[in-house]
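Subject: structure handover

Hi,

Here is the structure I promised to pass on.

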Amino acid sequence: MDETLMKMIKMLDACEEVENVAAEIYYFFADHFQHDEKIARTWRTTALEEENHARQVNLAKKKLKSIALVSIDAWRQVFTTQKHFHTILGLIRMSPPTLEEALISSITLEEKMDHLHMMNAVMIVEKSGNDLFAAMMKEDQSHLLKLEELLADFLGKQEQDGTRRGAVALVSCDRLNT
């Protein structure tokens, strides 16, 4: 196996792991916030979809001949994102976030995954491979919209009952977006 092919496999393995770690994060949030059925259900559904994305990336490895190139930027982004997601998983296990922090962090994760899917779609020459990553990007956008709606609902409820802490929650959320 030539070096380029090995790099592609390693990169797609990392992409698959990013999807699986994202699912772990969402399952953690679903369990941690199980008292809110709507939010827990959204995170469970999103986790299942991330697991499905991981399976799709695994299928993409079978189409390696259709990958045009692996750019240095894409390579770095995948492994940086992989490390970032593992860091977040470790942080939330040690110190579970507030609901607001979890929602903001989830939105950031989805934005990062959307960017990865876009980068991977650019690398694939074959239409079916591009369609695969384009579908994942569409689902990422759907996840973003759901999470943003949940955050807006949550913040609106806090405004109504006077419990909104303003920028304090956003600043404390920075610990999850390192």
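Below is what I found, going from the whole chain to single residues.

First, the ground rules. This is a predicted model, where local features need pLDDT of at least 70 and side-chain atom pairs count only at pLDDT 80 or more, while totals for chains, interfaces and linings use all residues. Residues are numbered from 1 along each chain as its sequence is written, and side-chain values use heavy atoms, with hydrogens and water left out.

**Overall picture**

The protein chain has 6 helices and 0 strands (DSSP runs numbered from the N terminus: H or I of at least four residues for helices, E of at least two for strands). Along the sequence that reads α-α-α-α-α-α. Of the 178 residues in the chain, 44% are buried (under 20% relative accessible area with a 1.4 Å probe, protein chains only; exposed is over 50%, and partly exposed is in between). If you take the contacts with a separation of 6 or more, residues 24 or more positions apart account for 85% of them (contact means heavy atoms within 4.5 Å).

**The core**

The largest nonpolar core contains 32 residues (a set of buried Ala, Val, Leu, Ile, Met, Phe, Trp, Tyr and Cys residues joined through side-chain atoms within 4.5 Å). Ile25, Tyr26, Phe29, Phe33, Trp43 and Phe85 have the most contacts inside it. At least two residues of this core come from each of helix 1 (3-32), helix 2 (37-60), helix 3 (72-94) and helix 4 (99-123). Helix 1 gives the most, with 12 residues.

Ile25 sits in helix 1 and is buried, with a relative accessible area of 0%. Leaving out residues up to four places away in sequence, Ile25 touches Phe85, Ile88, Leu89, Ile92 and Leu109. Leu109 is 84 residues from Ile25 in sequence, with 9.8 Å between their C-alpha atoms. With the same exclusion of residues up to four places away, Phe85 touches Val18, Val21, Ala22, Ile25, Leu109, Lys112 and Met113.

**Helix 1 against helix 2**

How do these two pack? The axes of helix 1 and helix 2 come within 8 Å and cross at roughly 165° (axes are lines fitted to C-alpha atoms, for helices over the stretch in contact, with angles from 0 to 180 degrees between N-to-C directions). That makes the two helices roughly antiparallel, a label for angles over 145 degrees.

Among the buried residues of helix 2 are Ile39, Trp43, Glu50, His53 and Ala54. Ile39 has 4% relative accessibility, so it counts as buried.

Cys15 lies in helix 1 and is buried, at 4% relative accessible area. The C-alpha atoms of Cys15 and Ala54, 39 residues apart along the chain, are 7.6 Å from each other.

Val78 is in helix 3 and counts as buried at 1% relative accessibility. Beyond residues up to four places away in sequence, Val78 touches Met11, Ala14, Cys15, Val18 and Leu116. For Val78 and Ala14, 64 residues apart in sequence, the C-alpha distance is 6.6 Å.

Cheers

Terms used:
Parallel < 35°, antiparallel > 145°, perpendicular 65-115°, else oblique.
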